[in-house]
Amino acid sequence: MTFGPGLIALLVALSEGQSWGWTSVPTLSLFATALLLWIAFVLIELRVRHPLFPLSLFTYRNYSIGLGITMCYCIGYFNVTILLMLYLQGAHRLSPFEAGLLLIPLSIPQLFTAPFSGKLADRFGPVRMILLGSCLIGLALLLLGQLGSQLSNMAVIIPLLIISAATGLSWPSLAKAVLSAAPQERAGSASGMFWTVYEMCRAISQALSLVVVQLSVKSSSVLPLFSETGAGEVSQSC
């Protein structure tokens, strides 16, 4: 009963920190609570006979590095959809249906590249596939960062196609590399930790994306971002 409540406290602090104030008592209290609960979680896991998170797995260098890459990947990848929705619906007043159509390219290519990822990983090695996918995703994110006040469908679609194709190539290799880095007899625990980190970072990424928007956009523009009257103003200010 320490890991889950700690994660909840962190997510609430990230979600409400802008409105409450980052140095306010409630925000700082939630950050402190999350930290204390996770410290307690680590101490408990080190003492119990059958831990949920066998922290000794972090002594395996490749496994630890793989989890770190997984965290960065999840936080970056799952930020794309919510930030693009803010851009498409808030700044350009697209309907949810229209914005959803523009996000379809984020899903389709990986359906075709993923089946070949295993064979390519066996031939060229998972590390090379992970590096290739990471470089392509980084390039696509740089392209998305160039989006401006004038909406260009292709400027949105092409980077999403690259991200999706790169994910199909690199994600199976990443999962395979991380799980194979742990001893075979601890494969179950290693898999549980891997997917827990995946889901945790997936949740944190959405809270972090809202923090980025709140810190980079004027506070007067954040709340009406999806409203009928505010969207036009944001569009003009962008």
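1. The structure holds 0 disulfides, a disulfide being a pair of cysteine sulfur atoms within 2.5 Å. The sulfur of Cys-74 has its closest cysteine sulfur in Cys-201, and at 5.7 Å the two are too far apart for a bond. Cys-135 is likewise in no disulfide, with the nearest cysteine sulfur, that of Cys-72, 14 Å away.

2. This is a predicted model, in which local features need pLDDT of at least 70 and side-chain atom pairs count only at pLDDT 80 or more, while totals for chains, interfaces and linings use all residues. Residues are numbered from 1 along each chain as its sequence is written, and side-chain values use heavy atoms, with hydrogens and water left out.

3. On accessibility, Cys-74 counts as buried because its relative accessibility is 0%. Cys-135 has a relative accessible area of 55% and is therefore exposed. The classes are buried, under 20% relative accessible area; exposed, over 50%; and partly exposed, in between (1.4 Å probe, protein chains only).

4. Helix α1 covers residues 3–20, and its 18 residues should span 26 Å at 1.5 Å a residue; the end C-alpha atoms are 24 Å apart, which agrees. The expected span is 1.5 Å times one less than the number of residues. Helices are DSSP runs (H or I, at least four residues) numbered from the N terminus.

5. Centred on Leu-14, α1 has a kink of about 35°. The bend at a residue is the angle between axes fitted to the seven residues ending there and the seven starting there. Leu-14 is also among the buried residues of α1, which include Phe-3, Leu-7, Leu-10 and Gly-17.

6. The salt bridge count is 1, taking a side-chain nitrogen of Lys or Arg within 4 Å of a carboxyl oxygen of Asp or Glu. The pair is Asp-122 and Lys-176, with the closest N and O atoms 2.8 Å apart. Asp-122 lies in helix α5 (residues 108–124) and Lys-176 in helix α7 (residues 153–180), so the bridge ties together parts 54 residues apart in sequence. Asp-122 is exposed at 57% relative accessible area, whereas Lys-176 is partly exposed at 44%.

7. A nonpolar surface patch is formed by Leu-35, Leu-36, Ile-39, Val-42, Leu-43 and Leu-46, with about 580 Å² of accessible area together. Patch residues have over 30% relative accessible area and no salt bridge; nonpolar side chains (Val, Leu, Ile, Met, Phe, Trp, Tyr) are joined within 5 Å, like charges within 9 Å. Areas come from the Shrake-Rupley method with a 1.4 Å probe, and for residues only the protein chains shown count as cover. Leu-36 lies in helix α2 (residues 25–47) and counts as exposed at 58% relative accessibility.

Notes: Helix = DSSP H or I, 4+ residues; strand = E, 2+ residues; numbered from the N terminus.
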